[in-house]
Amino acid sequence: MNNNMIYGINGPVVTVKNADCFEMMEMVHVGEQNLVGEVIGITDKFTTIQVYEETTGLKPGDPVSGTGAPMNVLLGPGILDNIFDGIERPLKAIEERSGAFISRGASVSSLDPDKLWNVTLTIKAGDRLEGGQIYATLPETPIIEHRVMVPPELSGVIKEVKPDGEHRIFDVIAVLEDDLGELHDLTLCQQWPIRTSRPVKQRLTPSIPLITGQRVMDTLFPIAKGGTAAIPGGFGTGKTMNQHQLAKWCDADIIIYVGCGERGNEMSQVLDEFSELIDPKSNRPMTDRTVLIANTSNMPVAAREASIYTGITLAEYYRDMGYHVAMMADSTSRWAEALREISGRLEEMPAEEGFPAYLPSRLAEFYERGGRADVLSGGEGSVTLIGAVSPQGSDFSEPVTQNTKRFTRVFWALDKALAYARHYPAINWINSYSEYFNDLDPWFKENLGEEFTEYRNNISALLQEESSLMEIVKLIGSDVLPDDQKLVIETARVIRVGFLQQNAFHAEDTYVPLEKQKLMMKVILHLHSKAKEVVAREIPLSKVLEFGLFDKLTKMKYDIPNNRLEMFDDYIVEIDEKLGTLLQ
């Protein structure tokens, strides 16, 4: 008989009086409808529970029962090409059962228990298996092989193996005897607590870039596989669009997209777009290697807080199979707002702007679960974390942006002025930075030659110089500047319009390989150095501009196809010929 009853209700926070059977972080069921909740506070008198569903209709005296386990998710085949809510309930399956709106207490298995998978076992009776080792494989989607692993805490000898063939996720396909002589059934799935990171053999230095095909990211502010990045920006600066581009083009094997507290119409647009996108690498639908976690702003706040942890646990699971995973969190500001709301209901002492004092440690906890590692299954995997931040009024001094800055090593600062000027991606090259140069430069030098980093440094220096010159121009106009400084402004314009600005809807410009990025920089810098020689001879810059070379270079991103890179040589010959006439 369950004697634990609700004593008080405050939004998503429920208290139980004089209960001594619950554990901290235990998953519980609340009320007659068995709403999912989690224990977040225990005193000698009260147990505090946050409920992951709408608490309307609950009343004091309703029962509360424990499960004896922490808040966890089911991991197994069927995660890819699926859409979940914040606590891994499959939205398609719920819609079939309860219509367009999720009914409270909807209890649906996260993964389809009746679907048959074509399983190939890679073990035989008598084999010794350690935690994390692979014992079966199956095609989860046409492009991703699902590798079934021993739960990390288990190890022992295989006693019995079922034949290859079609199995459901809960079918026992092998029996393992541990070192104490206990038998454990191995199925195609396992459960894992969302707030606990999954173990790895060894963490590795993030020394390989995550190639995105976006010039401003790959060249000026690169991110490593297993790295962490923040995309802060006000409303309308293109955070979601940037994350779409990254999801579509970055060279990760698997994408996990968490829509955390976003508007419902924006989230439905994401779902529609992802279902129509074709993966450029395999020519299959993008959903074959994507997981979507949809947690809109009108869903319960506690589930929004959990959605980030659900997403990172799924990411770690695929990393453990030896895949490179990229997780997009859009946006961590809404997640922080959920923390603030729950903290307020718990009557905790607020810190800056009402956020709880533990906001920095929660953000650190999340970003530290990214990284590149030697995994238990053998081989290497990584989780790259890219979090969007939505500071109110584009104020980057607010707590979520400032604390995110402390724990991420790439900062792609989106600029309202650039967005309004239709310069996309609207990443401000003065305020943004990447701390991965030292780790990634050996890779760039080996794969693209010594000159790549040299070109990048020269491009950055020209942009910095232009920024300081523009302060003078604003005050007294550009006419008073000497020709060599006018040349810097002219070259920087080519860099801004021709190199940093990128058209997501143009077939040749939506994704640009690194080799083309390097050659674009080479041509721009070649024109700059040749024009500098001309200006040094006291020939007016206006003579150089008459050739129209600067305008021509702003269009080379469209004019030179990605598979015709030899055309850059023609540009260099033309620059030498035309400017050579002035020098003679």
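A salt bridge here is a side-chain nitrogen of Lys or Arg within 4 Å of a carboxyl oxygen of Asp or Glu. You're looking at a predicted model, where local features need pLDDT of at least 70, side-chain atom pairs count only at pLDDT 80 or more, and totals for chains, interfaces and linings use all residues. Residues are numbered from 1 along each chain as its sequence is written, and side-chain values use heavy atoms, with hydrogens and water left out.

Start by selecting Glu-38, Arg-195, Glu-305 and Arg-362: salt bridges link them in a network. The count of salt bridges comes to 32.

Next, pick Asp-441 and Arg-456, whose side chains form a salt bridge at 2.8 Å, N to O. Asp-441 sits in helix H10 and Arg-456 in helix H11, so the pair ties together parts 15 residues apart in sequence; helices are DSSP runs (H or I, at least four residues), numbered from the N terminus. Asp-441 is buried, with a relative accessible area of 15%, and Arg-456 is buried too, at 3%. Buried means under 20% relative accessible area, exposed over 50%, and partly exposed in between (1.4 Å probe, protein chains only).

Now hop to Arg-409 and Glu-435, a salt bridge with its closest N and O atoms 3.8 Å apart. Arg-409 is partly exposed at 27%, and so is Glu-435 at 43%.

Last stop: select H11 (residues 451-476) and H12 (residues 483-500). Residues that meet there include Leu-462 and Leu-469 in H11, and Val-488 and Ile-495 in H12, where contact means heavy atoms within 4.5 Å.

Technical notes: Axes are lines fitted to C-alpha atoms, for helices over the stretch in contact, and angles run from 0 to 180 degrees between N-to-C directions. Helices (H or I, at least four residues) and strands (E, at least two) are DSSP runs, numbered from the N terminus.
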